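I opened this entry to record what I looked up in the structure. The notes follow the order in which I checked each point.

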Amino acid sequence: MKLYIDDANPEEIRRLWTLYPADGVTTNPSILSREGSDPRSTLNQIRQIIGSEAELFVQVLADEADEIVLEAETIAGALGGRTVVKIPSVPAGFQAMKALKAKGIVTCGTAVYTPMQAYLAAKSGAAYVAPYLNRIDNMGFDGVRIVKQIQDILTRGKYGAEVLAASFKNSQQVLELCEYGIGAATCAPAILDGFVKNAAIDAAVAAFTADFEKAVGKGKTMKSILG
Ligand code: E4P
């Protein structure tokens with residue numbers, strides 16, 4: 001499963017990018033707006049942190065197909081590297097995805113709440129489709145089940161699109177999809193940190209250090225003993 005950081009705070013992204021084996025960063029207009037009024041500076045900083053080989057997802061705001069295509073070209077040109085343009089999975093969005101596929105611009109069908117939206121985005125040439133798991137849960141449906149259903153539709157239909165599951169509330173939801181073989185997940189910083197937030201893990205690591213220091217002295221490591 002590919003793993004993305006769903007955030008736009010440069011300091012947080014630098015921290016998480018350094019610690020974890022992430023494949024890129026996903027943003028949306030709401031996430032960017034939390035960082036202040038200059039999204040261009042924020043996006044350029046993120047691109048610098050993750051480098052040109054990692055995927056950076058940026059969403060369009062236009063709602064007419066022609067304008068979406070022009071905006072997508074601007075995004076891809078300005079941010080370079082492996083930039084993925086997120087496009088809402090609505091009729092004008094599908095029209096734009098088809099045109100952008102022909103132009104070689106990589107897209108992600110976003111704001112996916114239903115399997116048929118995912119099907120249409122994938123068939124329109126999107127490389128990723130992003131179902132919003134937690135928001136689906138909040139509407140009274142089973143988000144995990146619907147994301148699995150979307151994964152099955154894409155696998156069986158061989159559309160060449162991957163599921164990018166988004167909008168998680170906890171790491172258990174990510175685990176269930178990881179176990180199912182989902183293509184990719186994007187997680188907010190707290191969810192990512194939550195993968196390994198466990199008192200038993202911290203206690204086990206602390207006990208190894210304490211035992212070793214009892215034998216050879218405080219602050220000693222294998223480097224100081226063997227080096
Ligand atoms: C991906 O970038 C999605 O836009 C995002 O995960 C949505 O998350 P939310 O439902 O917490 O706003």
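Which residue takes a positive phi just after helix 11? I found that Gly 217 does, with a phi of about 115 degrees. I note at the outset that the model is predicted.

**Entry 1: helix 11 and its ends**

I then turned to the helix itself. Helix 11 covers residues 199–216, which makes 18 residues. From the first C-alpha to the last I read a reach of 26 Å, close to the 26 Å expected at 1.5 Å a residue.

**Entry 2: a surface patch**

I next looked up the nonpolar surface here. Phe 195, Val 196, Ile 201 and Val 205 form a nonpolar patch with about 330 Å² of accessible area together. I located Phe 195 in the loop between helix 10 (189–194) and helix 11. With a relative accessible area of 36%, Phe 195 is partly exposed.

**Entry 3: salt bridges**

How many salt bridges does the structure hold? I recorded eight, and looked up three of them in detail.

Arg 15 pairs with Asp 193, and the closest N and O atoms are 2.7 Å apart. Arg 15 is partly exposed at 31% relative accessibility, and Asp 193 is partly exposed at 21%.

Glu 55 and Arg 82 meet in a salt bridge at 3.7 Å, N to O. I placed Glu 55 in strand 3 (residues 55–59) and Arg 82 in strand 4 (residues 82–88), so the pair ties together parts 27 residues apart in sequence. Is Glu 55 buried or exposed? Glu 55 is buried, with a relative accessible area of 6%, whereas Arg 82 is partly exposed at 42%.

Glu 73 forms a salt bridge with Lys 103, with 3.1 Å between the closest N and O atoms. Glu 73 belongs to helix 4 (residues 65–79) and Lys 103 to helix 5 (residues 91–103), so parts 30 residues apart in sequence are tied together. I noted both partners as partly exposed: Glu 73 has a relative accessible area of 29% and Lys 103 one of 49%.

Finally, I checked for shared partners. Salt bridges join Glu 12, Arg 15 and Asp 193 into one network.

Notes
Residues numbered from 1 in each chain as written. Predicted model: local features only at pLDDT ≥ 70, side-chain atom pairs only at ≥ 80, totals over all residues. Heavy atoms only, no water. Helix = DSSP H or I, 4+ residues; strand = E, 2+ residues; numbered from the N terminus. Expected span 1.5 Å × (residues − 1). Patch = residues over 30% accessible without salt bridge, like charges linked within 9 Å, V, L, I, M, F, W, Y side chains within 5 Å. Areas by Shrake-Rupley, 256 points an atom, 1.4 Å probe, with all protein chains shown as cover. Salt bridge = Lys/Arg side-chain N within 4 Å of Asp/Glu carboxyl O. Buried < 20%, exposed > 50% of the residue type's maximum accessible area, 1.4 Å probe, protein only.
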